[in-house]
Amino acid sequence: MEQRITDVCPIVETIKVIGSEAKLLVLRYLFDESKGFNELQRATKLSSKTLSSALKDLEEAGIIRRVVVSDRPFRVRYELTERGKELKPLFQEMEKWGNRHILNKE
């Protein structure tokens, strides 16, 4: 069966939304709990520019939300939306696969 160029692959479209290393790292750390920008930067070791871009993209995709915690001093936290939380089983399966086939831990 011939595939038309207009056919959309849900796997490819998902990778477009979450597929950069920066986005994957951000999501990995937000599965545990909400975090502030500096906490995410320390955990992921990403540059400010790269982290900001990843956060913006994930927020625009409806995967995370930015929550203003206080005005003075100004503080925000990032947390997963319900849509973002639905990705956790996918990450768990990728972790299992990576442990088994890349890190040989299983």
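Start by selecting Pro73, which sits in the loop between β1 and β2. Helices (H or I, at least four residues) and strands (E, at least two) are DSSP runs, numbered from the N terminus. A cis peptide bond joins Arg72 and Pro73, with omega at about -10 degrees.

Before moving on, a word about what is on your screen. This is a predicted model, in which local features need pLDDT of at least 70, side-chain atom pairs count only at pLDDT 80 or more, and totals for chains, interfaces and linings use all residues. Residues are numbered from 1 along each chain as its sequence is written, and side-chain values use heavy atoms, leaving out hydrogens and water.

**The hairpin**

Now select residues 64-71, strand β1, together with residues 74-80, strand β2. The two strands run antiparallel and are joined by seven bridges; strands pair if DSSP finds at least two bridges between them. Together β1 and β2 form a hairpin, with two residues between them. Which residue of β2 is the bridge partner of Ile64? Click on Leu80 to see that partner.

Next, show helix α3 (residues 37-44) and helix α4 (residues 48-60). In the loop between these helices you will find Lys45. Although Lys45 is not a glycine, its phi is positive, about 60 degrees.

How do α3 and α4 pack? Their angle is about 115 degrees, and their axes are 10 Å apart. Axes are lines fitted to C-alpha atoms, for helices over the stretch in contact, and angles run from 0 to 180 degrees between N-to-C directions. The two helices are therefore roughly perpendicular to each other (angles of 65 to 115 degrees count as such).

To see the contact (heavy atoms within 4.5 Å), select Phe37, Leu40 and Gln41 of α3, then Ser48, Leu51, Ser52 and Leu55 of α4. These contact residues divide into four nonpolar, three polar and no charged. Here Ala, Val, Leu, Ile, Met, Phe, Trp, Tyr, Cys and Pro count as nonpolar, Asp, Glu, Lys and Arg as charged, and the others, Gly among them, as polar.

**The whole protein**

Finally, zoom out and colour by pLDDT, the predictor's confidence in each residue, from 0 to 100. The mean for the protein is 92, and 93% of its residues reach 70 or more. Among the elements, helix α1 (residues 10-18) has the lowest mean (92) and α4 the highest (98). Follow the chain along its sequence and you pass six helices and two strands, in the pattern α-α-α-α-β-β-α-α. The C-alpha atoms fill a box of roughly 60 × 40 × 25 Å, taken along the principal axes.

Terms used:
Parallel < 35°, antiparallel > 145°, perpendicular 65-115°, else oblique.
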